[in-house]
Structure formats: structure tokens, C-alpha cells
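Dear colleague,

Please find below the structure that I am handing over to you. My notes on what was found in it follow directly after.

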Amino acid sequence: MLTKVYGSAVFGVDAATITVEVNVDQGVGYHLVGLPDNAIKESNYRIAAALQNNGYKIPGKKITLNMAPADMRKEGSAYDLTLAMGILIASGQIQEKQPLSECIIMGELSLDGNLQPIRGALPIAIKAKEEGFKYFILPEQNAKEAAIVDGICVYGVKNIREVIDFFDQETALTEVVVDMEAEFYEHLQHPEFDFSDVKGQESIKRCMEIAAAGGHNIILIGPPGSGKTMLAKRLPSILPPLSLSEALETTKIHSVAGRTLGNGGIITSRPFRSPHHTISDVALVGGGTFPQPGEISLAHNGVLFLDELPEFKRSVLEVMRQPLEDRDVTISRARFTVTYPASFMLVASMNPSPGGYFNDPDAPVVNSPAEMQRYLSKISGPLLDRIDIHIEVTPVPFEKLSEERKGEASIEIRKRVTKARKIQEVRFRKNENLHYNAQMGVKHIRKYCKLEEASLELLKNAMERLNLSARAYDRILKVARTIADLALSEEIKGEHISEAIQYRSLDRDGWLG
């Protein structure tokens, strides 16, 4: 007897439907075909034990299981439940009282028949809805995530027995429903890290606000303990809230990487990723034998924080140059190519010298010019080219640290940032790939960053006096445009230019040359 059961395979951040054909015939043998990997080949042991512990068995006949399309590589243990249900129905041990053709079934089996969570539940649910499936049966740990998708009935189950009873006895399963609005807006008023916790550092907070408003990459330079990491962690709390489409896109990536099980449902806050400086280039941009998204994709629509930037291997930093420009990363293999989105804000921090106390007369550690140059040369010019704002962070004096007064809350700063972003959305509405000021190219800078005579003279004098490099010119104009947007000004004025000039520390003579 031939039975067809439907599962799904995930490639990149999208899914493809897999048809599992199970044929039970005279003879002996268990044949699993259709390019399964080792985890799927081992499934017969898990299935045999799970069925036996629930009063069923793999029949002693010739069983052929084909995973179509047969030329597409299948991987992972999520097909256990799909294969088990196919065997039970094809061998006549249970009846098909609910149509299998309307259902996607996925789940990893434990030996007692309980179900373990799977990866990629959200892209699978999206694909199932597109292809007209009515039901999606999967482990209960993933159900909330899949239930984000409207138009498909999601059943979260604990044990294979519940699935057997659903098809054989028509026992009802409980549909999982997610209140999207409650999920989406619950935490917005209460960010985990708030700028009100930061004592002093008003100029750096202002700098962070500008970076958030224009989507600018930023680097913080300062001695140990000056608050660089503390400030960076609070940046997502002042970024505009995720739109529903951004939230779905972000959740898809985290779902594929198997990182959504902590909260279960949709990701409602902007991601903040902070990889250790020993990270490899593959772990950062994604890849592997069976490609997985890297840290830059997990930071999509959020913040990637690289603490102690010069400590990262130079080769690792260089692979970020193309994703920073194109806002996606393509991983190619002999048989297939996957593209992961990677539109993130880069926030980097560094000590000004190996000892950490450059330019401090009371420094406990003094470094020679050769050591300084070797340390700073780890960051290449082309990478710095893609960082709009450089700001020096100084330690907070004791008087500020001991103050009782709280700083301005993230929610208040976010309101100003969101207002500035809306101005940019209106400005760039005719440009499909342009959403905020940091994405402007030379052509757009010439169009939207026109200066009056006095401002142009100010910029010229500053560049000559501070010995700023040519790369700083466009960056200053982009940042000045954002400062003007925050001030709700149509024109870029002299004060906007003079503030933007302050944010180019590393271009000055005596830093990186």
C-alpha cells in the first residue's frame, strides 16, 4: 500500500515542501531514499522504539520510503514524525480519517514517543500556507512561532500518541493562537536596558541618538571602564520599533538558526549580537557544510556590536565589507546558493592603544609609537570608510557617578529618533533600496545635502585645520543631514555641520594617518 505524507525542508530562510512516499510490500527490508543525511538515516531506530513504546511497530515487510524531490539534499531529525505516520498508515495499523494531503507534519521523536523541537518552524508555516495546506502539526515548543502565520491551523503536540489519535480516532487537537498585538507591543514600554541608567556621558548619548536616527555605523574609542559596552547595549532601546514585516523577517532568520525557543513567538525587539573577538569568519558571515546564518544575519534589523575591534582577526573584519555595503550575504556551494539578509547597524568599540590609556598623562601603561601603529593598523581603511561616526568616550567623574538623578529614558529618545526616521522615509519614498540617511550614495548626498555658502566655508576650514581625509567629507555631510532631521530642519545649517565634524576622531592627524 502506498501513502503520501508531507513535510518541509529549509534552505536559507525559505522552505520547500517535501513529499514522503511510503510503500509497504511483500518481502523484508527498510529502504530510505531521496538524499537523506545521517540524522535521517538513523531515524528508523528512533521510530521503531517510539512506536513500540506506544503499542505499535514497524511491520516486518519490505518498506520503501522516498523523500521527493529525490535530488534535493534533506538534513536534520525533524522528519521522524513524518516518516512514522507514513509507516503506520501505509501498513494499515491506523486509519486516515483526516486527509494527509491537507497537513504538514514535522517533529523529532524521542524513544518514548515524545517530540523534540525543530528548526525553521516559521518559514515552514509560511510555505505551507502559500501552498494551500490547512494544518501544520509540530512539537508544542515550536507551535507559538508557527502560529504567527495567519490562514493555517497550527497544532502543537507533545507525543506521537496525540497525532495517531487525531488521524485514527479523529480526536480533536487544540489549535495554537497568538495575539500578535499583545506580543508585539508588550515590551516596547519596558526595554531591558535603558539610557536612564547611564550616568553622565550626555555627549555620547547624543551621538548614539544621531546614529540611531540615521542608521549610521559608529565606533566608540575610550579607555577601559569608560562605559562603551554599557552605551552600546542600550542602543536597540532607542531604535524605532520593528514593523510587522521586519519582525517576521527577523524571526525567520532566528527560526532557521534554532534560536527562537526561548521566547517561543515572534521577535518583537531589535536583535543585539555581540560575538567574542575569537570568532571565525564563517561564524560571523554564515556558512558551513550545510550553511547556517552567521552573526551578521542574526543581527539583521538590529545591532552588531564588536567589542575591542582591533582584537578581532583582520581576515574576519574584512569579510564584513561586502555585507555592510550590500546588506545581504550570499553563500555559494557546488550544488546550491543561499542568500541571508544582513542589514544591521555596526557598533564597534576599541581602546585607543594596547594598554588602553593613550593620551592620558596619568596612564599606568605607556605604549611605544610602533606598538600603537601595529595595534591601530589592524583596522583597515576600507572598513573605517563604512563607519560614519567616530567618538571618543572619556571616563565619568565620581560626582556624576554618585548622582541620584536619573538620565533621560530610552522611550523619550526613541520618539525623536522615530520622528527623524519618518522624515527620511518621506524623503526617500521614490528610492526602493533607500530607507535612511546612512544608505545614501554620492548621487543622493549631492541631491539631499546641499550646503549654503557659510556652511561650505566652515566645512572647508575644518577639513584643512583638522587635516581630515577625503573619506570624511561625505560622512560629515550624511551625519549633518541626520542632525538636521533631528532638529526638524529642511536646510543643513552651520551648527549641524560643526557638530558632525566632531564625530570624525579617527580621521584626524595622529590617529590612523
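In which helix does Lys443 lie? Lys443 belongs to helix α19, which covers residues 442-448, where helices (H or I, at least four residues) and strands (E, at least two) are DSSP runs numbered from the N terminus. Before going further, please note that this is a predicted model, in which local features need pLDDT of at least 70 and side-chain atom pairs count only at pLDDT 80 or more, while totals for chains, interfaces and linings use all residues. Residues are numbered from 1 along each chain as its sequence is written, and side-chain values use heavy atoms, with hydrogens and water left out.

**Overall picture**

The protein has 22 helices and 18 strands, and its C-alpha atoms fill a box of roughly 90 × 50 × 45 Å along the principal axes. Buried residues account for 53% of the 513 residues; buried means under 20% relative accessible area, exposed over 50%, and partly exposed in between (1.4 Å probe, protein chains only). The accessible surface comes to about 22900 Å², with 49% of it belonging to carbon and sulfur atoms, as given by the Shrake-Rupley method with a 1.4 Å probe, only the protein chains shown counting as cover for residues. Among contacts (heavy atoms within 4.5 Å) between residues at least 6 apart in sequence, 74% join residues at least 24 apart.

**Charges on the surface**

The mean positions of the 60 positive and 67 negative charges are 3 Å apart; Lys and Arg count as positive and Asp and Glu as negative, without His and the chain ends, and the place of a charge is NZ of Lys, CZ of Arg, CG of Asp or CD of Glu. A patch is made of residues with over 30% relative accessible area and no salt bridge, like charges being joined within 9 Å and nonpolar side chains (Val, Leu, Ile, Met, Phe, Trp, Tyr) within 5 Å. A patch of negative charge is formed by Glu452, Glu490, Glu491 and Glu495, and of these residues Glu490 lies in the loop between α21 (471-486) and α22 (494-501), where Glu490 is exposed with a relative accessible area of 72%.

**Salt bridges**

The structure holds 20 salt bridges, each being a side-chain nitrogen of Lys or Arg within 4 Å of a carboxyl oxygen of Asp or Glu. In one of them the side chains of Arg416 and Glu209 meet at 2.8 Å, N to O, and this pair links helix α18 (residues 410-427), which holds Arg416, to helix α8 (residues 202-214), which holds Glu209, across 207 residues. Arg416 is partly exposed at 31%, whereas Glu209 counts as buried at 6% relative accessibility.

Arg427 forms a salt bridge with Asp485, the closest N and O atoms being 2.5 Å apart. Arg427 lies in helix α18 and Asp485 in helix α21, so this pair ties together parts that are 58 residues apart in sequence. Arg427 is buried at 19% relative accessibility, as is Asp485 at 1%. Salt bridges that share partners also join Glu209, Glu408 and Arg416 into one network.

**A strand residue**

Ala68 lies in strand β4 (residues 62-68) and is buried, with a relative accessible area of 19%. Leaving aside residues up to four places away in sequence, Ala68 touches Thr17, Ile18 and Thr19.
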